[in-house]
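Visitor: I have a model open and would like to learn how to read it. Where do we begin?
Guide: With the strands, then contacts, then pockets.

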Amino acid sequence: MEFPFDINQIFSERVSILDQTLVAGRRSAERPDLQAHIATVIDELGRASAKAQQLTAPITSASKLQSQRHQLYLLKDGESSGGRGVVVGFLKVGYKKLFLLDRGGVHIEAEPLCVLDFYIAENLQRHGYGLELFDFMLQHKNLEPVLMAYDRPSPKFLSFLAKHYCLTQSVPQVNNFVVFEGFFFSNRSVA
Ligand code: ACO
């Protein structure tokens, strides 16, 4: 995904972690113009993700990120576009208090880290970038994928989880979240 400004100037790392502050390193904290560019990038990514999932409205935008306690991991390829860099995709996670059903149908209240949105640019899908981004997040959070909950996962994402993390056996829920066999062994109830 290309932009009419230098991606490498805004995002110095291959993976940037953005939160409510919308700051990607010290440089953007001191430069309102760079922050405006960050907002443009997030809005564009959110729109593309919504389109790919056939959602009526984006679930990710700069203003939403500013008002929610979520974290957004943004992956760039710094070499492309004549050295200005391109944005490859993003992964958004956040903690949510959920009422879930375990395998026996017992209600469990838990507050797991949830995958809320995930998108890799169309022309770059199936090249391993999603795995790179997801693995980065798991290391950063020091977490196993089975301990997470997935908000309305798309067929592509379910295939991704099955392929890379052998997550195939989901435990039926009455909400939009998907959790897998093993989730309830390790997630402690917060009830
Ligand atoms: N059709 C089916 N499976 C796919 C597809 C596709 N078009 N693209 C990726 N996958 C799955 C497959 O398991 C694939 O393995 P395979 O090629 O051997 O079949 C595997 O992902 C490839 O892994 P990566 O290359 O690491 O994944 P990628 O970089 O493509 O990222 C992602 C995966 C984020 C799901 C990407 O395909 C995408 O952006 N899809 C469109 C948006 C989307 O559906 N996002 C998930 C929303 S749900 C949520 O966020 C909770």
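**Strands, contacts and pockets**

Guide: Strands β1 and β2 pair in the antiparallel sense, over 4 bridges. Keep in mind that this is a predicted model.

Visitor: Which residue stands opposite Tyr73 of β2?
Guide: Ile17 does. Now look to the other partner strand. β2 and β3 run antiparallel and are joined by 7 bridges. Tyr73 has a bridge partner there too: Leu91 in β3.

Visitor: Let us turn to charges. How many salt bridges does a search of the whole structure find?
Guide: For a salt bridge, look for a side-chain nitrogen of Lys or Arg within 4 Å of a carboxyl oxygen of Asp or Glu. The search finds 5. One of them joins the side chains of Glu132 and Arg14, at 2.6 Å from N to O.

Visitor: What parts does the pair of Glu132 and Arg14 tie together?
Guide: Glu132 sits in helix α5, residues 129–141. Arg14 sits in the loop between α1 and β1. The pair therefore ties together parts that are 118 residues apart in sequence.

Visitor: How exposed are Glu132 and Arg14?
Guide: Values between the buried and exposed limits count as partly exposed. Glu132 is partly exposed, at 30% relative accessibility. Arg14 is partly exposed as well, at 38%.

Visitor: Where do Arg47 and Glu44 lie?
Guide: Both lie in helix α3, residues 32–52. They are 3 residues apart, about one turn of the helix. Arg47 has a relative accessible area of 47%, so it is partly exposed. Glu44 is partly exposed at 31%.

Visitor: Show me one more salt bridge.
Guide: Take Glu109 and Lys97, whose side chains meet at 3.8 Å, N to O. Glu109 lies in strand β5, and Lys97 in the loop between β3 and β4, so the pair ties together parts that are 12 residues apart in sequence.

Visitor: Which class does each get, buried or exposed: Glu109 and Lys97?
Guide: Glu109 is buried, with a relative accessible area of 18%. Lys97 counts as exposed, at 53%.

Visitor: Next, the rings. How many aromatic pairs does a search of the whole structure find?
Guide: 13. To name the geometry, check the angle between the ring planes: over 60 degrees counts as edge-to-face. Phe118 and Phe157 have ring centres 5.2 Å apart and planes at 75°, so this pair is edge-to-face. The pair links distant parts of the chain, 39 residues apart: Phe118 is in strand β6 and Phe157 in helix α6. Phe118 is buried at 17% relative accessible area. Phe157 is buried at 9%.

Visitor: What about the rings of Phe183 and Phe184?
Guide: Their centres are 5.0 Å apart and their planes stand at 80°, so they too are edge-to-face. Phe183 is buried, with a relative accessible area of 1%.

Visitor: Which residues do ring pairs link into a cluster?
Guide: Phe118, Phe134, Tyr150, Phe157, Phe160, Tyr165 and Phe180.

Visitor: Now the pockets. What is the general idea?
Guide: Rolling a probe the size of a water molecule over the atoms shows where empty space is left. Here the largest pocket holds about 790 Å³ of space. Its lining has 29 residues. Gln125, Ser154, Lys156, Phe157 and Phe160 lie nearest its centre.

Visitor: Which element gives the most to the lining of the largest pocket?
Guide: α6, with 7 residues. At least two residues each come from α3, β6, α5 and α6. By class, the lining divides into 13 nonpolar, 9 polar and 7 charged residues.

Visitor: How much space lies in the second largest pocket?
Guide: About 240 Å³. The residues that line this pocket include His70, Lys92, Leu116, Asp151 and Arg152. The lining has 3 nonpolar, 4 polar and 5 charged residues.

Notes:
Residues numbered from 1 in each chain as written. Predicted model: local features only at pLDDT ≥ 70, side-chain atom pairs only at ≥ 80, totals over all residues. Heavy atoms only, no water. Buried < 20%, exposed > 50% of the residue type's maximum accessible area, 1.4 Å probe, protein only. Pairing = 2+ DSSP bridges. Phe/Tyr/Trp six-rings, centres within 6.5 Å; stacked < 30°, edge-to-face > 60°. 1 Å grid on protein atoms, 1.4 Å probe; cavity = no way out; pocket = protein on both sides within 12 Å on 5 of 7 lines; lining within 4 Å. Points joined across faces, edges and corners; volume = space filled by probe spheres on them. Nonpolar A, V, L, I, M, F, W, Y, C, P; charged D, E, K, R; others polar.
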